[in-house]
Amino acid sequence: MSNIKNDISLLPYNTFRMDVKAKIFAEYSSVEELRELLNQYRGERLLHIGAGSNLLFTKDFDGVILHSAMRRARALDEDGDTVLIEADNGLVLDELIAQLCDMGLSGMENLSYIPGEVGASAVQNVGAYGVEAKDVIEQVKAVSVADGTERIFTNEECKYGYRDSIFKNELQGKYIITHVVYRLNKRLEPKLDYGNLRSEVGESVSAMSIREAVIRIRQQKLPEVSEIGSAGSFFKNPIVSRTDFEAISNRLRDITVPYYEQEGGIKIPAAWLIEQCGWKGKIVGGAQCYPKQPLVLVNTGNATPQDIITLAQNICDSVKDKFGITISPEVNYI
Ligand SMILES: Cc1cc2nc3c(=O)[nH]c(=O)nc-3n(C[C@H](O)[C@H](O)[C@H](O)COP(=O)(O)OP(=O)(O)OC[C@H]3O[C@@H](n4cnc5c(N)ncnc54)[C@H](O)[C@@H]3O)c2cc1C
């Protein structure tokens, strides 16, 4: 039976630690229970959450928060080189990755230690250290919110982009992802070209040693979820056209703008833009631009949603004023 609570604080359910309330919180343990909940609450405002690590609750939620207690993974098939693994939406992504690395299966090790659950990672197309979820996702299984029917999305049908997918655009709120099928490699295909990953891994290269190196690097730079409230990178790295990039570089003759060439344009690190505008470490109310990584906004303990919103808006405004570049939030405002 689903576990249903009324009028509860969402404090334990979002990593920013916003103390807002939800009218109803319903947790299901099977796809059948999810379908029953969708029937029961038809017409209500619905929000499916994972670990709440990419959300900013801006006020009380006058509706039904859905959450999955399905937390298993299973091997579906294998051929000479690869294995198909299906994971439930509510499984903690990093627990899955730890298991896969332990089994010597490769493909997701660079995504180690990203907070959150399997379902949301396929919505967000999470990425780190040169790998994105889309690189290993074979299929996404989902249930229609409108009528409870199952639909299987191929990787291509998910329309993945940088922290983006069909589930954040035309199908936003229309499907609940129930399972994700990944294709993992039996043979290690290490991706070590991002930042200082190669040197951190050292001589002995395995899925597990890459995972451990990624975790060490992340622990030096990013706030620990159990200690400091945040939603990770608050802003996306802006992608501009080559023409715009040249115009910006020409205008800022004295400053060398860092960039990465990529499909669709030139990516400029938002952290650099924010730091150049002097925001690193700055505080607004209880919200702070994290001193070790200015792309992250943190709750110093008593931040209100408005503190975070104000700090984020001020940062966007000054990046726009100084560089003429618009940066937009990666975090979902609810
Ligand atoms: C310290 C820290 C570091 C981080 N580092 C990274 C990083 O390196 N790379 C990166 O990409 N992200 C990073 N993030 C962001 C975050 O971990 C990811 O976006 C993650 O995928 C969010 O998962 P979640 O389960 O917490 O989702 P939530 O925040 O609960 O939800 C995110 C979105 O997905 C929707 N959703 C959730 N579950 C489902 C479902 N089953 N079906 C349909 N929609 C659903 C929600 O409605 C919401 O719109 C970081 C966050 C923190 C706090």
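Where does Pro-190 lie? In this predicted model, Pro-190 sits in the loop between β12 and α4, the helix of residues 197-201.

Is Pro-190 buried, exposed or partly exposed? Its relative accessible area is 40%, so Pro-190 counts as partly exposed. Leaving aside residues up to four places away in sequence, Pro-190 touches Val-205 and Ile-210. For a sense of distance, take Lys-236: Pro-190 and Lys-236 are 46 residues apart in sequence, and their C-alpha atoms are 25 Å apart in space.

Next, the helices. In general, the packing of two helices is described by the angle between their axes and the distance between the axes. Here the pair is α2, residues 93-102, and α5, residues 207-221. They pack at an angle of about 145°, and their axes are 8 Å apart. The crossing of α2 and α5 is left-handed. On the α2 side the contact is made by Asp-94, Ile-97, Ala-98, Cys-101 and Asp-102, and on the α5 side by Ala-207, Met-208 and Arg-211. By type, the residues of this contact divide into five nonpolar and three charged, with no polar ones.

Now the rings. How many aromatic pairs does the structure hold? There are nine aromatic pairs, and I will show two. Phe-234 and Phe-235 form an edge-to-face pair, 5.2 Å centre to centre, with 65° between the planes. Both Phe-234 and Phe-235 are buried. The other pair is Trp-272 with Phe-323, which is tilted: 5.5 Å centre to centre and 45° between the planes. This pair links distant parts of the chain, with Trp-272 in helix α7, residues 270-276, and Phe-323 in helix α8, residues 305-323, 51 residues apart. Trp-272 and Phe-323 are both buried.

Which residues do ring pairs link into a cluster? Phe-16, Phe-234, Phe-235 and Tyr-333. The charged end of Lys-267 sits over the ring of Tyr-162, 4.4 Å from its centre. The charged end of Lys-282 sits over the ring of Trp-279, 6.0 Å from its centre.

On to the backbone. Most residues other than glycine have a negative phi. Tyr-113 is not a glycine, yet its phi is positive, about 75°. Tyr-113 is placed in the loop between α2 and α3, the latter being residues 118-124. With a relative accessible area of 26%, Tyr-113 is partly exposed. Lys-159 is another non-glycine residue with a positive phi, here about 50°. Lys-159 lies in the loop between β11, residues 150-154, and β12, residues 175-185.

Last, Thr-304. Thr-304 has a relative accessible area of 35%, so it is partly exposed. Gly-90 is 214 residues from Thr-304 along the chain, and 28 Å separates their C-alpha atoms.

Technical notes: Residues are numbered from 1 along each chain as its sequence is written. This is a predicted model: local features need pLDDT of at least 70, side-chain atom pairs count only at pLDDT 80 or more; totals for chains, interfaces and linings use all residues. Side-chain values use heavy atoms; hydrogens and water are left out. Axes are lines fitted to C-alpha atoms, for helices over the stretch in contact, and angles run from 0 to 180 degrees between N-to-C directions. Helices (H or I, at least four residues) and strands (E, at least two) are DSSP runs, numbered from the N terminus. A crossing is left-handed if the near helix is turned anticlockwise from the far one by less than a right angle, and right-handed if clockwise. Contact means heavy atoms within 4.5 Å. Ala, Val, Leu, Ile, Met, Phe, Trp, Tyr, Cys and Pro count as nonpolar, Asp, Glu, Lys and Arg as charged, and the others, Gly among them, as polar. Rings of Phe, Tyr and Trp (its six-membered ring) pair if their centres lie within 6.5 Å; planes under 30 degrees apart count as stacked, over 60 as edge-to-face and the rest as tilted. Buried means under 20% relative accessible area, exposed over 50%, partly exposed in between (1.4 Å probe, protein chains only). A charge sits over a ring if NZ of Lys or CZ of Arg is within 6 Å of the ring centre and within 35 degrees of the ring normal.
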